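Please keep the sequence and the structure in view while reading.

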Amino acid sequence: MHLNIDNTKRAVGMGILRLSSFHIGIVISASILLISELLTRSDVPSLTSLQILCVSIYRVVFHPPARYPRPFVAKITDAYAGYHGWIGDVHLDAHQLHKKYGTFVRYGPNRLLVNSVNGLRDIYSHGKNVQKSTTYLPMVPRKNTWSTLTTIDKQHHRFKRGLLRSQLRNQQLEESEPMMLQYIQKLCTKLSEGSTLQEASEPRDMAQWCEFFTVDVMGSFTFGEELGMLESSENHFVMDKLHKYSGMMGVSLQIPSLAKLKLERILGFLTTWTRPQRLWNAWTSAFAARVLNTEPGCAKGIFPHIVAARDRRGNQLKIEELWAEGSFLLLAGFETSATTLAALFFYLAHNPGAYARLEAEIRSTFSNPSEICTGSNLTSCVYLDACINETMRMSPATPGSPLREVLRGGLVVDGQFVPPGIDVGCCIYALHHHPEYFEDPDTFIPERWMEARDENDTNWEERLAR
Ligand code: HEM
């Protein structure tokens, strides 16, 4: 590998610049955020420097999570998490902090992260005394546009999840298989363009191609729309815009007080930040409207089923919620699947041994690509299954910490009592790279998932992970 000294120096220089602007940025944003957090608190009627000082001292010294280790700025304001949200490394930072401080880390004035399987069970198992935290609010773009993911009220969430579960059945997936196989064929054709048996094609950006593929699949699966990402570049601008937008969303998700103040929306009129979101909303609203205006029984995709779905009492989703659900399904489905696929290709390309073993398994199971479809042959590909599991462990598509607010009465998390009002969560990436659960956690080893599975052993996943 050639090392370009000029570039290296520039990179070092940039690092110093970034470091100093980071500190300045942190101080300024910490002040703004502290003020905005104070403004959104009903128990702080007017703003004085004395109040800022008092709240800071309270957060540093007396607030219930104060006894847990943390970076200093995180004691006072969510700006610390906001900064890492902006640069997109919240999961890596949380992982480093757990390595440094141990199982419990305070990741904001009101936020506690726990890095243990016991913590995971205590927070996310069914019936726990928690609800989704206000960090989900920035994902609600307009009034009443709650999706299943963003619905905080537990009863309403149960209702929506029930409706969704009744529609996302195996039958829907089976019916979608021919469509998915068609897109897989298209992807393979596009990737092999310009190659022959003797010569490989030009290198391709697989992250991008995986995204085009999953957007096409999810567009068809959700709304019955043919988005043509694999065929033409006409709609590719939407992806570019979404990537730009995710930086800003990364900040908002870490600083829910911004969403409460509606600063994001105010700024959106002054800057180009929220344009991608508006564009995405307009796009998905048009798809939803098309389905709603189509004769019942004629529209394709899962969305018409969600429109028609009712619970036992005959309740159904309101119109704004319907759109939010469709928009979320398309986004959640394509981003996660594209990340996982691209990561799988990355690990296979960098692990020739795993690649060869997988190739041998697939070639010995199927004699022709057209034979590949769901069924017993595919299920028998245990190494393929192990590679996918290991990819999702190494690079989880949602690597962060889904936060839950502790409700009245408190919650015991891994032996520690957490009082009501505190947000608790487990960082998925940190847990997946915990050496106590996964030996040699930073190495891609699909074989770790292949130990014979005993159906009666309810702890098999945890046992295999060890
Ligand atoms: C590799 C692929 C995927 C991964 C790793 C993944 C991961 C996740 C995770 C971690 C959550 C919980 C988020 C939270 O509580 O903050 C979630 C929620 C959800 N995902 Fe996925 N997902 C994937 C694909 C999909 C697909 C393809 C769909 C739809 C067809 C989907 C639909 C949903 C829904 C509806 C929720 C909300 C569930 C609820 O709040 O009750 N996901 N997903």
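Which residues have the most contacts inside the largest nonpolar core?

## The largest nonpolar core

The residues with the most contacts inside the largest nonpolar core, which has 36 residues, are V215, M218, A288, F303 and I306. Such a core is a set of buried Ala, Val, Leu, Ile, Met, Phe, Trp, Tyr and Cys residues joined through C-beta atoms within 7 Å, where buried means that 20 or more other C-beta atoms, placed from the backbone, lie within 10 Å of the residue's own. Two or more residues of this core come from each of α9 (206-223), α13 (275-292), α14 (303-308), α15 and α18 (382-394), and α15 gives the most, with eleven residues. At least three residues are drawn from each of domain 2 (143-193 + 202-350) and domain 3 (357-402 + 435-466), the bounds coming from an automatic or database domain assignment.

Leaving aside neighbours within four places in sequence, A288 is in contact (C-beta atoms, placed from the backbone, within 7 Å) with F303, L322, W323 and G326. Another core, of 30 residues, lies apart from the largest one and has Y80, V130, V413 and A430 among its members.

## The shell around the ligand

Of the 13 residues around the ligand, those that come nearest are G333, T336, A397, T398 and P402; a residue counts as near if its C-beta atom, placed from the backbone, lies within 6 Å. The elements giving two or more residues to this shell are α7 (154-167) and α15 (319-350), with α15 giving the most, six residues.

By class, the shell has six nonpolar, six polar and one charged residues, Asp, Glu, Lys and Arg counting as charged, Ala, Val, Leu, Ile, Met, Phe, Trp, Tyr, Cys and Pro as nonpolar, and the others, Gly among them, as polar. Both domain 2 and domain 3 supply at least three residues to the shell.

## The chain and its confidence

The secondary structure comes to 20 helices and seven strands, taken as DSSP runs (H or I, at least four residues, for helices; E, at least two, for strands) numbered from the N terminus. Buried residues make up 32% of the 466 residues in the chain.

This is a predicted model, in which local features need pLDDT of at least 70 and side-chain atom pairs count only at pLDDT 80 or more, whereas totals for chains, interfaces and linings use all residues. Residues are numbered from 1 along each chain as its sequence is written. The average pLDDT (the predictor's confidence in each residue, from 0 to 100) is 83, and 80% of the residues score at least 70. Over residues 1-27, however, the pLDDT is below 50, and this stretch has five contacts in the model beyond near neighbours in sequence. Where pLDDT is low, predicted coordinates should not be read in detail.

Definitions and conventions
Buried ≥ 20, exposed ≤ 12 C-beta atoms within 10 Å, placed from the backbone. Contact = placed C-beta atoms within 7 Å.
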